[in-house]
Amino acid sequence: LLCFFNYIGKIFFNHREGVEVVLYIRFRGGNGNIEVARKRIRAHAVHYAEVYRLCFLSHLHADLVRGNAALSAGEMGHIPIELNGRQCNCGLKGCYEAYCGGRAVAADLRKKLADKPDSRIVQIAGSVENIDMKALAQAVRENDAFALEYWDEMIQNNAQAMGTLINIMNPQKLILGTFVWATGDLFLAPLKKYIVNYAWKDMRD
């Protein structure tokens, strides 16, 4: 994690003039790993324990915005994207993380495919217990009907949440980590198609 943020810091803060606000979203566990940073802030200023805890970190002139009693300002992985939706492990319902976080997606797929051993996703994973994002992405590449429908819905949910974040923070760069980086256009092509419905054009551009 330390190396990754040092990498981000070097590319976007040291070598790219005019880039002052960067939004980074990590998907492996949840979606709270969302950081907004200013150009003058270096990667080593990040509180890594809090990043790992999936907090939203906002750096404004080297001041970490932590909120009040809970010290967890901006839990953006827990913005609601569905009324009375899926139960999130935070205790709320309909959270972004519950629909798009890596662990939440895998858990939902295991539940949906528990009695479907012939599912292509289950076959790729080897068992229901081993279902993960990699198995889902591979099934999408193979044009499995269930995987394609699930993937499309997940991308739309991401577009809605990311559009909200873009409208709030107006970042100059949006960096998507973990499985988005690994899947590339499989994720990004439909995301670009859907995000126009949720983020203002001036902020997208």
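Biologist: What places N84 in a loop, and between which elements?

Modeller: N84 is found in the loop between β4 (63-65) and α3 (96-100). Helices (H or I, at least four residues) and strands (E, at least two) are DSSP runs, numbered from the N terminus. This is a predicted model: local features need pLDDT of at least 70, side-chain atom pairs count only at pLDDT 80 or more, and totals for chains, interfaces and linings use all residues. Residues are numbered from 1 along each chain as its sequence is written, and side-chain values use heavy atoms, with hydrogens and water left out.

Biologist: Why is N84 called exposed?

Modeller: Its relative accessible area is 65%. Exposed means over 50%, buried under 20%, partly exposed in between (1.4 Å probe, protein chains only). So N84 counts as exposed.

Biologist: Why are α6 and α7 called roughly perpendicular?

Modeller: The axes of α6 (residues 133-141) and α7 cross at roughly 115 degrees and come within 8 Å. Axes are lines fitted to C-alpha atoms, for helices over the stretch in contact, and angles run from 0 to 180 degrees between N-to-C directions. Angles under 35 degrees count as roughly parallel, over 145 as roughly antiparallel, 65 to 115 as roughly perpendicular and the rest as oblique. The pair is therefore roughly perpendicular.

Biologist: Which residues make the contact of α6 with α7?

Modeller: From α6 come M133, L136, A137, A139 and V140; from α7 come A147, L148, Y150, W151 and M154. Contact means heavy atoms within 4.5 Å.

Biologist: What describes the packing of α4 on α7?

Modeller: The axes of α4 (residues 102-112) and α7 (residues 145-169) come within 13 Å and cross at roughly 145 degrees. V105, D108, L109 and K112 of α4 meet F146, Y150 and M154 of α7.
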